[in-house]
Structure formats: C-alpha cells, structure tokens
Amino acid sequence: MKKWLSMLLLLSLTASLLAACGSTSSDTSGNKEAGKDTKTESGAKTKVVAWAWDPSFNGAALKIAEELYKKEHPDFELEVVEMAKADLEQKLNTNLASGVKDGLPDIILVNDPNIQKYVNSYPNTFADFTDKVDFTKFSPYKVDALRIDNKIYGVPFDIGVTGMFYRSDYLEQAGFQPEDLENITWDKYIEIGKIVKEKTGKYMATINPNDEALTSILLQSGGSWYITADNKGNFVNNPVMAETLRVYKAIADSGIAKPVTGWSEFVGSFNAGDVATVVSGVWQVASIMDAKDQSGKWRVAPIPKLNVEGAANASNEGGSSWFVLDGSKNKDTAMDFLAKTIGGSSEFYERFLKENGGVGSYMPAFTSEAYGQKSEFFGGQAIYSDFTKWSTLVPGISLGMYTQEAKDALKNELPNILNGADITKSLENIQKLFEQQVQ
C-alpha cells in the first residue's frame, strides 16, 4: 500500500525551492531519439539523451561536460531536452509508474530530496554508480544522500551549502566586527540581532511561516531530518527537532525578523536593505548581487549553531544529482560520460563556477584558482573558498522517501507554534498528521 501511495504521490510532485531550480519549458520532441544511435559522415555516433530543467544552469553544465568528454571521445553526442522541473518529474513518474519506458532518456536530473523516493518506488530502474566514481573525493553529506542499501545511485552535482550573508556596514554600525559573527550560536545571533535593530533600525532577518527553508537548514546542521532513515516521522522525542522549533519561535518572538510571504518579498527585503543577514544556500549569491549599489557591503560567515550535541556551524539547502536509467540502451556510455566529467573532473567544476556560478562538492576542485577568487562585491572575501570549506563540515543525513509530506505536516502546525502553542504538543500533532498522510 505504501509503495503504491508513494507512486501516486510522485505523480503529483510540484516544483519546490531549490538551489538553481529554475523553471523553463521547451519542446520535448527530442525524447523520441532516446536510446538511438545517429550516423554522421565521420561514422557512427552514440547519442546520449539527458532531461534537465534550467538551461542556463543545469543544461549549461551538461554542455561543459560534453565539451570535455568529446576531447577523448569525438564520436560522443549529447542531446539535452529541457523542460520545466515539475513537467520533467511528472513525465518521468507517469512513464515509470505505468511501466512505459519507451521515449525515456538515458540521463535525468534528480532533486536530492526525491532520490530515495525514486529508487525505492521504482526498484531496478536506476544505475548503481558505486564502483564507477571515487566518491571519497566528494563532500560526505552529498554522497550520503545518494547511498541506499550500500549502493550509490547517481553522481553528485550542485550543492546548497549554507552561509550567513551579512551587511558589514550594519553590523559595524551596531558595534560588531567580522570575528564577532564567526561560529556563534543561534541564541547569540538573536542577541546580536536585538542590538542591530536598536542601533540601526534594521531587521536581523526575515521569517515566513509558510516556508520551511529555515527549519530544514537548522535540522541538517544538527544531523537530523524530518523523517528517519526507515521513513518514520521524526518529530517526537527528537532533541534536534525540539531545539529547531525553539530557535525558530525565539527568532519570531524576539522582534528581529521581518515577516515576509513568498520569494519576491524575501529577496526584496535584502535587495532593499531592510535586513542585516540572510541565512541561505550558496546559490543565493546571485540574488544578493542583484543590488549593485550594495557592492562591497556584504560578507559571509558560517551559519549559527544549534545548542545540541553534534551540531555544526554548517548546513545545506537544496541541490541535485544526475541519474542514469539502468535499462537505457546507452547506459554504459552515459555512466562513463558522467563519471569522467561531473564525477571526476576539476576542470569541469572550475568552468561551471566561472561560467555559470555553480558550486559542486568535488573536493579536488576546491584548491583551484576559480574557487579561490576574491569577490569585490563581498569586500574582497574569497567566498567560494569559504563555502566549500563549510561543505565538508555539513552533517550527513538520510532524506528518506517522504520529505515533502513531512514538510507539509510541519507547515500546517507552524502558525500555531508562532502563536504560542506548546511545542511538545505541536510536535505530537505534526507526527500524527504525517502518519495519516503516508499510512
């Protein structure tokens, strides 16, 4: 019953906020060519077809990888079929649930929270990369998301390692120096925020009761998640969850957070100079830099830490990985292509960063000139060097099959928590609602 329910839920997947998860539509007629070989005057060419969303980010990354791979494999050809993220997921799930595999691609882009749901709902559908890539060269938490039953499905791609972006001018006006923001706790963060509000009139942060982004960041920084590795609700008797909601409510109650609803208000709050900090993934750099008049006024520090054992001043928000369909006619070529580029090339990650602003978890690339570049907008700070350093500290977790259902259950109760409901009782309510959704 649960397996069938998970398939039905997969069919209704909708676009979610993720690192670099843009939405674009495109003609998908190229699907018909999946798994076929094409002939050219120079001889036989093996065509590999990939489905992805966001041509300026994910699609562009594949084109870089294709260019690098063709240096040693001139007969290789890659076709990237672009479509909106929600459309890709619906089309893939509709075909897999019905057992119709004709027209499916060789390679697909997978949002990390969907990894276990795909693999468990459709066994023997996706290729095992365990022996194809040296996963010790990737940030451990990224690999942990791909590991199921001692097999590693897919190749790690972009990450959403988090940082605390802050306006150095506001913090200095309130009497704080950069070292005062390094490796602090959330209680210290709130304390600083009250002083910033008093001295500058600016909010320390934003808060949106309809968005679970902050709670997700807090949970992973403590090495926990909404559900357990065996897909049970993880709300009751979970110290990290209790501390997460305590901090969330404390931020709201302190008066240091500006209420916002939706992405536009959130971005507008810091682009307009209304808030002093933004705790978010590395992909937020582009949105922050949209405010050209604020160049030189921003810096980045590690995120604050929860007051629980094992917590880190590091977390993640968003990210995706590349999968290969196990039944693909060109499975071996597709796997080799990914393994030797996105799964094992520093040059790929250096170009991906320089050309598209994308950050990966491939550690050999972290010492490159590209990752060490200093940003004038961020006051000469080598922000990518810092983000990659923090990525190695992110606690690894299992995202399970029902992350979205767990988030929905939490969001249903968040308004009550913010209005003063007992957190222990609220966690019991969330657990019950989650169990009702997935039973």
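Leaving aside its neighbours within four places in sequence, with which residues is Arg167 in contact? In this predicted model, for which local features need a pLDDT of at least 70, side-chain atom pairs count only at pLDDT 80 or more, and totals for chains, interfaces and linings use all residues. Residues are numbered from 1 along each chain as its sequence is written, and side-chain values use heavy atoms, with hydrogens and water left out.

Arg167 has its place in strand β7, where strands (E, at least two residues) and helices (H or I, at least four) are DSSP runs numbered from the N terminus. With neighbours within four places in sequence set aside, Arg167 is in contact with Gly273, Val275, Ala276, Gln294, Lys297 and Trp298, contact meaning heavy atoms within 4.5 Å. The relative accessible area of Arg167 is 4%, and this residue is therefore buried; the term buried stands for under 20% relative accessible area, exposed for over 50%, and partly exposed for values in between, with a 1.4 Å probe and protein chains only.

For the chain as a whole, the secondary structure comes to 17 helices and 12 strands. Of the 439 residues in the chain, 57% are buried. Among the contacts in the chain with a separation of 6 or more, 77% are accounted for by residues 24 or more positions apart. The chain exposes about 17600 Å², of which carbon and sulfur atoms supply 46%; accessible areas come from the Shrake-Rupley method with a 1.4 Å probe, and for residues only the protein chains shown count as cover.

Two helix pairs that involve α9 can be described in turn. Helix α9 (residues 239-254) packs with helix α16 (residues 403-418) at an angle of about 50°, their axes lying 10 Å apart. Here the axes are lines fitted to C-alpha atoms, for helices over the stretch in contact, and angles run from 0 to 180 degrees between N-to-C directions. The two helices α9 and α16 are therefore oblique to each other, given that angles under 35 degrees count as roughly parallel, over 145 as roughly antiparallel, 65 to 115 as roughly perpendicular and the rest as oblique. On the side of α9 the contact is made by Leu245, Tyr248, Lys249, Ala252 and Asp253, and on the side of α16 by Leu410, Leu414, Ile417 and Leu418. These contact residues of α9 and α16 divide into seven nonpolar, no polar and two charged, where Ala, Val, Leu, Ile, Met, Phe, Trp, Tyr, Cys and Pro count as nonpolar, Asp, Glu, Lys and Arg as charged, and the others, Gly among them, as polar.

The axes of α7 and α9 come within 10 Å and cross at roughly 5°, and the two helices are therefore roughly parallel to each other. In this pair, Trp186, Asp187, Ile190 and Lys194 of α7 meet Arg246, Val247, Ala250, Ile251 and Ser254 of α9. The contact of α7 with α9 comprises five nonpolar residues, one polar residue and three charged residues.

Helix α7 also holds Val196, which counts as buried because its relative accessibility is 0%. Although Leu181 and Pro302 are 121 residues apart along the chain, their C-alpha atoms are separated by 7.9 Å. Leu181 touches Met164, Tyr166, Leu171, Ile192, Ala301 and Pro302, residues up to four places away in sequence not being counted.

Helix α15 (residues 383-391) is mostly covered, with seven of its nine residues buried. These buried residues are Ile383, Tyr384, Asp386, Phe387, Thr388, Trp390 and Ser391, and the elements against which they pack are α5 (140-144), β7 (155-167), α11 (285-288), β11 (298-301), α13 (346-356) and α14 (369-372).

Positive phi values were also computed for two loop residues. Asp54, in the loop between β2 (43-52) and α2 (55-69), has a phi near 65°, a positive value in a residue other than glycine, and counts as buried at 12% relative accessibility. Asn150, in the loop between β5 (147-148) and β6 (151-152), has a positive phi of about 65° although it is not a glycine, and this residue counts as exposed at 70% relative accessibility.
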